[in-house]
Amino acid sequence: MKDLEWWQRAIFYQVYPRSFADSNGDGVGDLNGIIKHLDYLQDLGVDAIWLSPHYPSPLWDCGYDVSDYLMVAPEYGDLDDFIRLLEGLHKRGMYLVTDFVLNHTSDQHSWFLESRSSRKNSKRDWYIWQNSIGGRPPNNWYSWFGGSAWEFDPATNQSYYHFFFKQQPDLNWRNPEVKAAMLDTMRYWLELGVDGFRLDSLGMIFEAPDIPDQESGMTQQELYHLSRMAKSRDQRMQVARASRKMFRFQMDLSELHGLLREIRQAIDEYPGKVLVGETELVEYYGSANDELHLVFNFPLTRMKKLTPSAVLCNHFSRLTKLPAGAWPCNTLGNHDISRLLSRYGDGNHDIEIARLCLALMLTLPGTPFLYNGDEIGMLDYLANDISQVQDQIGLWTYRMEIDEMGHSPEQALAYALEIARDKCRTPFQWDNSPNAGFCPADATPWLPVNSNYADGVNAADQTRTPNSLLNSYRSLLKARKLTPALVYGGFQPLKSPPGCLAFFRGGRGVSENCMVVLNMSKGTRVIELPIRNRITRLVYSTHSREKKLESFRILSLFPFEIFIAAVE
Ligand code: GLC
Ligand code: CA
């Protein structure tokens, strides 16, 4: 295959460690659980793992509040387990990218404990401290997760800044000591052999140093109201505008580019490593390929409906804006958003729709990121009681619904469950035994297991069923690997009937061009092959075809069919 970096060829798969597999029966997933399933991952056909945070954490934000960057959370295992995981992946020719939470630490991190201990402490300036004015916060900034962005600390009579929860104080990256310590942290994991980092919440690293008041002209409560009442596109745009104004001084300051270049230089000392950022702003590729290697195409995850025109519109509005040489990166799911099948499924053709989502990820230009559990069609799982909600955003929403919206506890619960991210984080469903094989039958899983594991939504049953979603994943992933045009071919849409998305992948430097036809509708469709093309090989089809492919000029498509063929 053409001279590409491994992360351009790779199919990534996000493992959420707490929910993947529990090896020691405490109801919490762990590293040994992942190690036990490495063959599963290899057999699925993924090449690289993005591991959500594996560090010690008080779990206020499910691991995104790190209390020690150099250790493994005790409930996940220890450093030896981590090294065995890494070696197990490398032995299989696979890669490991870890999560690096760099905007903030936990308030239990020793750095913060020191920092808050006294104004004179040598780590005081590692975080962002300001005087409160007459008992009021230093300014009117809000936390993204609700409330003031400042927390008053009576011990030293100052307030510290937190973009997220107050249990997640922001680091002061303008302090050279902080920068050095964080770069050292990255080097520590690189020395151990990790293959790169997913940089968490990087847009929030800097905030305006003179902390000017934001001028959105409304309170967060008012914005919450507005967003809950917004129905029309115009109203939603108004909410987005107000939110941008509200957080304008707290995110995506241009100063970040310089820091990203420094981080990039630091990791470039270790050849072949990758930086993927939790951002959708393509400016973070840098102007000379000198910042992030990969920037997520998040707008794709926000498509209300998965239609050909929405996909094409997303594609062209982004790809034309990528800096030269930048490599796209697509995803439809992660630990922060609704399961893709809960968003796009219609309840009747879920498997077909899930296959189409995967086909999109694997055939659109760019590196695909898949989310664990989507390959077996896991769905959002909504708890039935507020006491089961673990995600603090869910609990905050519940309170807002009651206090601000005046909703009943039942109404508040229904909405809070929608917002709480627990729904897409429930334990992986391995088989049809109690607790879905995630943990022993007598253990209590940290989040409830979705009972649909007993109805075939589990890996073991689907492995035995030839036509299952899991087996489709395996064959589609394999097909992509054997078809270089799908990895680095150019992209050219083809004229296609309503509800269908058809395009070529190929062109200069590609030995075998390819045609992708996705019937995203539930009707049959007919598509005409351009006169100059002839099918030479079937790469993948969800349906069997009897006629000789070479003679196809007109292709009659089954509902939800995926048809991929090599053409000349
Ligand atoms: C990122 C993570 C999310 C977390 C937040 C704060 O958005 O993906 O889970 O809550 O950062 O760290
Ligand atoms: Ca465990």
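Is Arg-92 buried, partly exposed or exposed? At 23% relative accessibility, Arg-92 counts as partly exposed, where buried means under 20% relative accessible area, exposed over 50%, and partly exposed in between (1.4 Å probe, protein chains only).

**Before selecting**

The structure is a predicted model, in which local features need pLDDT of at least 70 and side-chain atom pairs count only at pLDDT 80 or more, while totals for chains, interfaces and linings use all residues. Residues are numbered from 1 along each chain as its sequence is written, chains are lettered from A and ligands numbered from 1 in the order in which they are written, and side-chain values use heavy atoms, with hydrogens and water left out.

Colour the chain by pLDDT, the predictor's confidence in each residue, from 0 to 100. The mean for the chain is 96, and 99% of its residues reach 70 or more. Helices (H or I, at least four residues) and strands (E, at least two) are DSSP runs, numbered from the N terminus.

**Stop 1**

Select Arg-92 with Asp-39: their side chains form a salt bridge at 2.7 Å, N to O. The term denotes a side-chain nitrogen of Lys or Arg within 4 Å of a carboxyl oxygen of Asp or Glu. Because Arg-92 sits in the loop between α5 (79-91) and β3 (95-101) and Asp-39 in helix α4 (residues 38-44), the pair ties together parts that are 53 residues apart in sequence. Asp-39 is partly exposed, at 48% relative accessibility.

Next, select Asp-43 and Arg-474, whose side chains meet in a salt bridge of 3.1 Å, N to O. Asp-43 belongs to helix α4 and Arg-474 to helix α17 (residues 469-481), so this pair links parts 431 residues apart in sequence. Asp-43 is partly exposed at 49%, whereas Arg-474 is buried at 13%.

**Stop 2: the calcium ion**

Centre on ligand 2, the calcium ion. Which residues coordinate the calcium ion? The donors are Asp-22 (OD), Asn-24 (OD1), Asp-26 (OD), Val-28 (O) and Asp-30 (OD), at 2.2 to 2.4 Å. Donors are N, O and S atoms within 2.8 Å of the metal (3.2 Å for Na, K and Ca); water is not among the atoms, so sites may look incomplete. The donor residues follow the spacing D-x1-N-x1-D-x1-V-x1-D in sequence. Both Asp-22 and Asp-30 are buried.

**Stop 3: ligand 1**

Move to ligand 1 and display the 14 residues around it, each having a heavy atom within 4 Å. Asp-61, Asp-200, Ser-201, Glu-278 and Asp-336 come nearest. A polar side-chain atom of Asp-200 lies 2.9 Å from an oxygen atom of the ligand. An N or O atom in the side chain of Ser-201 is 2.9 Å from an oxygen atom of ligand 1, and for Arg-421 the corresponding distance is 2.9 Å. Taken alone, ligand 1 exposes 300 Å², of which the protein buries 95%; accessible areas come from the Shrake-Rupley method with a 1.4 Å probe, and for residues only the protein chains shown count as cover.

**Stop 4**

Arg-198 is buried at 2% relative accessibility, and Asp-200 is buried at 5%. Salt bridges that share partners also join Asp-61, Asp-336, Asp-391, Arg-421 and Arg-425 into one network. A search of the whole structure finds 28 salt bridges.

Definitions and conventions:
Polar contact = N/O pair within 3.5 Å; in protein donor to acceptor, adjacent residues only side chain to side chain.
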